[in-house]
Amino acid sequence: MRLVQRLLISHALLTAVLLGAAAFAVVALVRMTSLLTEIREEHLGKVQEEEAVHQAAWGIEVAARHAILACERDPTVGPRVASSMLAPLHQLETLLAEHGESIQPSIRSTADHYRTYARYVIEENTCARLFDPVMREKRLSWDESLTDAWIAIVHSLHEVVLEREAEAYAIGATAIGVGLVFGALAVLAAWGVARWMARGVTRPLELLSTQAQQVGQGNFNPIAPVGGPLEVQELASELERTRARLAEIDQLKDAFVASVSHDLRTPLTRLRTALGLMADGTTGPLNEQQRRVVELARSACEREIRLVSALLDMSRVKSGKALRREAGCLLDDVLLRAMEDMRSEADAAGVELELKTEGALSPALLDGALIERAVANLLGNAIRVSSRGQKVRMVRTVTQEGPPGHDASGSSWARVVVRDEGPGVRPEERDRLFERFFTSPVGNNASTPGIGLGLPLAREMMRMHGGEVALLDEPGPGAAFAVWIPLDRPVSSRYSSDATPSLSPSDRSPA
């Protein structure tokens, strides 16, 4: 599924939630409008009819009162006041004919009384009948009934309005509650969709980023498949093609380096032998100037041999054929041999070497030559960064605590710490110390120590044993590198016991 399809789905989901909330709000508004319509059409319409009948009946009452006053002033005005009562009587009769069945019985009964009364008064002897005490008493009673009926109508209307108002409030409260629910659902949906989108895109990208970093660091293992949008999967496929091509180029490079190093080793060894014979005087006595030239040539030859040896070791370590286990290997003897191998270089630099062992060790199943090479690399680096008169100390202990990140439960480890008194490692270089061919000037010395293969080779060799090499984070001058060697754990099955032997001691100079 492409990213645009994911976006469409997420937006459609949120739109559906919002449309649901809007639909419910519309339904609530329609219901409230229907309540208002019901009040207006049913209840208010009926009240208006009853009000018209009430006003018409009251009009007869008002006309009778005016007629009584007129008759009191002039008893002969009977026919004239009788005609004044015809209009309200006609209006009342019309309203009763139209709405008589729909209005309340109390209003209708009182209106019938007023209609009969008006007909009675108009018929004859208007003034006499208006002054009739009995009829006046009845009018008073009808007036009270008419007033009570109207009060009851208003009260009933008020109750209906309150009832519909409560229903409207209930609908509004329900609409608000549902709106809040839909709002919460929208928030949750937005959060869920955002999380789904983020996880669907960022997690594959993070995985690809991690694998790309591994490829950049020289780890050419196949790229693991990733999910997510098709664009991310296409990126993963492109990264896999790039990794495969880089792995092929790396293999070609390793094969070329191994071939060239092997071809260079034989003539360099012969050249070193020839220079050694010349220096020993086998080919004849040398004067002081000739001896100095021979020593310079031997020094240059040794540097080239160290370079070739380091490249060969790197090729063998990467191919997994550098480990040869030896039963009954004594680690302290291996450390002594590594120190003796570096003794001449330390003496030339004016650096003192010191070895201290703590705790007894039993013979172990180790590749002594490989460990000697790794320790010699560490000693060589320590000697190069030290100034004349300083010390390089090597301390071997036995511990149950393995290297960081290793499960050391039930295992015994030999821990070898090589500590110098040099300028130490700058913080910005700590993460790159074990990169191949990484070099950096040390202290005030502008030259770069070695070719940048000593530490990577030492770590690879120790990892082949199931151990580790790491820079210790300790205060004080200088740097300290620790080597962990498992004493009672089987080595990795990746390396065979009949592997190609390591270099001879004469070729094991650190790079």
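**Entry 1**

Is R426 buried, partly exposed or exposed? I looked it up: R426 has 34% relative accessibility and therefore counts as partly exposed. My cut-offs for the relative accessible area are under 20% for buried and over 50% for exposed, with partly exposed in between (1.4 Å probe, protein chains only). R426 forms a salt bridge with E428, and the closest N and O atoms are 3.4 Å apart. At 55% relative accessibility, E428 counts as exposed.

**Entry 2: ground rules**

I am working with a predicted model, where local features need pLDDT of at least 70 and side-chain atom pairs count only at pLDDT 80 or more, while totals for chains, interfaces and linings use all residues. Residues are numbered from 1 along each chain as its sequence is written, and side-chain values use heavy atoms, with hydrogens and water left out.

**Entry 3: salt bridges**

How many salt bridges are there? I noted 22 salt bridges, the rule being a side-chain nitrogen of Lys or Arg within 4 Å of a carboxyl oxygen of Asp or Glu.

I then turned to R139, which forms a salt bridge with E61, with 3.0 Å between the closest N and O atoms. R139 lies in helix 6 and E61 in helix 1 (residues 3–73), so this pair ties together parts that are 78 residues apart in sequence. For helices I use DSSP runs of H or I with at least four residues, and for strands runs of E with at least two, numbered from the N terminus. R139 counts as buried at 6% relative accessibility, and E61 counts as buried at 2%. I also found that E61, R65, R139 and D143 are linked in a network of salt bridges.

Next I checked R129, whose salt bridge with E123 has its closest N and O atoms 3.7 Å apart. R129 counts as buried at 12% relative accessibility, whereas E123 is exposed with a relative accessible area of 61%.

**Entry 4: aromatic rings**

A pair of aromatic rings is described by the distance of the centres and the angle of the planes. I count rings of Phe, Tyr and Trp (its six-membered ring) as a pair if their centres lie within 6.5 Å; planes under 30 degrees apart are stacked, over 60 edge-to-face, and the rest tilted. That rule gives three aromatic pairs.

I looked up Y117 and W142, an edge-to-face pair with 5.8 Å from centre to centre and 70 degrees between the planes. Y117 lies in helix 4 (residues 105–123) and W142 in helix 6 (residues 133–216), so the pair ties together parts that are 25 residues apart in sequence. Y117 and W142 are both buried. With Y114, they form one aromatic cluster.

F434 and F481 also make an edge-to-face pair, at 6.4 Å centre to centre and 75 degrees between the planes. F434 is in the loop between strand 5 (413–419) and helix 12 (454–464), while F481 is in strand 7 (residues 480–486), 47 residues apart. Both F434 and F481 are buried.

**Entry 5: charges over rings**

I count a charge as sitting over a ring if NZ of Lys or CZ of Arg is within 6 Å of the ring centre and within 35 degrees of the ring normal. The charged end of R459 sits over the ring of F434, 3.7 Å from its centre. R129 came up again here: its charged end sits over the ring of Y120, 4.1 Å from the centre.

**Entry 6: the sheet**

In what order do the five strands of the open sheet run? I wrote down 2-4-5-7-6, with mixed pairing; two strands pair if DSSP finds at least two bridges between them. Strand 2 (352–357) and strand 6 (468–471) stand at the edges with a single partner strand each, so one side of each is left without a neighbour in the sheet.

I followed strand 5 and strand 7, which pair in the antiparallel sense over seven bridges. V416 has V483 in strand 7 as its bridge partner.

**Entry 7: one last distance**

L29 is in helix 1 and is exposed, with a relative accessible area of 55%. I found L29 and I171 8.6 Å apart in space, C-alpha to C-alpha, though they are 142 residues apart in sequence.
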